[in-house]
Structures are given as structure tokens and as C-alpha cells.
Amino acid sequence: MIEQTPEGRRAFILANTRLQTPPHTPELTLRLADEITPIWRMTEEALEQIGLPPPFWAFAWAGGQALARYILDHPQIVAGKRVVDFASGSGIVAIAAAKAGAAHVLAADIDPFCGAALAVNAEANGVACDFTDADLLDAPPPPVEVILAGDICYEKPLAARVLSWLGAARQAGATVLIGDPGRSYFPREGLDKLAEYQVPTTRELEDMEVKKTAVWTLP
């Protein structure tokens with residue numbers, strides 16, 4: 001069983017991932033799982049036995065890579081601003097925002113392992129980001145200038161809830177950017193496309209080796 005403390009989670013991440021450069025963000029270095037790391041082929045049952053929720057933090061998903069790429073290429077979106085990275089996972093988007101000059105970055109994810117992953121990855125990239133495992137959807141959006149969200153539309157109830165929350169953030173004046181590779185519950189209207197990328201991935205994670213992925217904003 002994994003020791004469910006910040007130190008225990010950090011130790012597990014260090015033991016089960018390796019430093020890698022995501023293909024679409026060569027400026028960043030993250031600790032990720034792959035074919036030669038222990039958790040890559042663990043079944044859901046095996047993960048449950050050791051006390052590990054599905055390790056979404058161990059992979060650089062296509063939507064997050066695209067969103068991080070867009071932020072790195074357009075730093076003026078976040079420079080000097082307060083930023084929230086919603087459903088942060090590995091922290092790739094939060095770290096990109098910090099690299100791009102954000103005044104403050106809060107990464108949010110309900111899985112506390114993401115906090116440990118963010119700490120390790122932020123350290124590897126020489127930046128600082130705060131983390132919360134509170135469910136931000138339980139309250140109105142925080143008063144920040146920018147909210148970033150990658151890969152949030154893989155479950156129907158969650159997608160609807162998140163998009164409603166992001167809509168409230170936009171109405172309150174925040175810039176909202178979403179990275180998505182065309183997942184099943186991504187809305188087909190009501191968003192403006194900012195950029196489209198061909199993001200290298202793997203068939204272990206996605207249905208193709210290169211995933212057409214876009215960055216969208218709420219108008």
C-alpha cells in the first residue's frame with residue numbers, strides 16, 4: 001500500500017515515473033509513466049489494491065499538451081496575471097503558465113497525487129505553483145484573470161458541470177481557455193477555436209498515434 005502522505009505520494013511518483021520531455025512541449029520536463037515504468041501496465045484492480053486512484057497525473061494528455069503549447073507561444077495571455085489550471089493532472093498547463101510569466105498559478109485537482117506530481121514537476125522546471133485538491137466546482141469560480149482547462153470532456157456529467165462553471169467564470173470576466181482533442185462530450189458550439197495542433201501520443205492512451213487537438217476559448 002502507498003503511504004497516503006505528501007511524502008509517501010512523492011516517493012511513489014519518483015519510483016514509478018521517469019523524467020521525460022512531452023513531444024509537443026520540448027521546453028518542459030515532466031516525470032511521466034511509459035512502457036518501461038512500473039505503473040504503465042497496472043490494471044485498475046491492481047491500482048486499487050495499492051491505494052492508487054487512476055493515475056491521470058502520470059501522462060501528458062493531448063489536450064493539456066496543446067494548451068501548454070498555446071500558452072508558451074502566447075505568454076501575454078497569462079503574463080502578470082492570476083491563473084487557475086483546472087483538473088491539472090501532471091501540472092503541465094500550470095507549469096507552462098508559470099514559465100510564461102503568470103503572477104500566480106493555482107493548480108486544482110481532486111486527486112491529491114496530482115499535488116505531489118505538480119510539486120515534483122514544478123521543481124524540475126524551476127517554477128513555483130500552488131495546489132488545491134478542493135473541488136472548485138462546489139463554489140463560484142475564483143476571482144482570477146485566467147482559467148485553463150485541458151481534457152475535461154471525457155465524462156458527460158462532469159463535462160456539463162465544468163462547462164457551466166467555466167461559463168460563469170467567463171461571465172465574471174475571466175479569460176477561459178480549453179484544450180481538447182475532440183472527446184465525446186466536448187461541445188460542438190458556443191466556443192471559438194484559437195489554434196489546432198497535431199499532438200503525438202500513443203495508442204496506449206488514445207485511439208491514434210497523432211491526435212488532432214484544438215485550443216478553444218469562451219467568447
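I will go through the sheet of this predicted model and then its nonpolar cores. Residues are numbered from 1 along each chain as its sequence is written. Local features need pLDDT of at least 70 and side-chain atom pairs count only at pLDDT 80 or more, while totals for chains, interfaces and linings use all residues, and side-chain values use heavy atoms, with hydrogens and water left out.

Let me start with the sheet, which is open and has seven strands in the order E5-E4-E3-E6-E7-E9-E8, with mixed pairing; strands here are DSSP E runs of at least two residues, helices are H or I runs of at least four, both numbered from the N terminus, and two strands pair if DSSP finds at least two bridges between them. At the edges are strand E5 (130–132) and E8, each of which pairs on one side only. Strand E3, residues 82–86, pairs with E6 in the parallel sense over four bridges, and Phe86 has Ala149 in E6 as its bridge partner. Helix H6, residues 156–171, packs on the sheet and touches E3, E6 and strand E7 (175–180), with contact meaning heavy atoms within 4.5 Å.

Turning to the cores, a nonpolar core is a set of buried Ala, Val, Leu, Ile, Met, Phe, Trp, Tyr and Cys residues joined through side-chain atoms within 4.5 Å, where buried means under 20% relative accessible area with a 1.4 Å probe, protein chains only. The largest has 36 residues, and Ile71, Val83 and Leu148 are among those with the most contacts inside it. Apart from it lies another core, of 23 residues, including Val84 and Phe186.

Notes:
Buried means under 20% relative accessible area, exposed over 50%, partly exposed in between (1.4 Å probe, protein chains only). Axes are lines fitted to C-alpha atoms, for helices over the stretch in contact, and angles run from 0 to 180 degrees between N-to-C directions.
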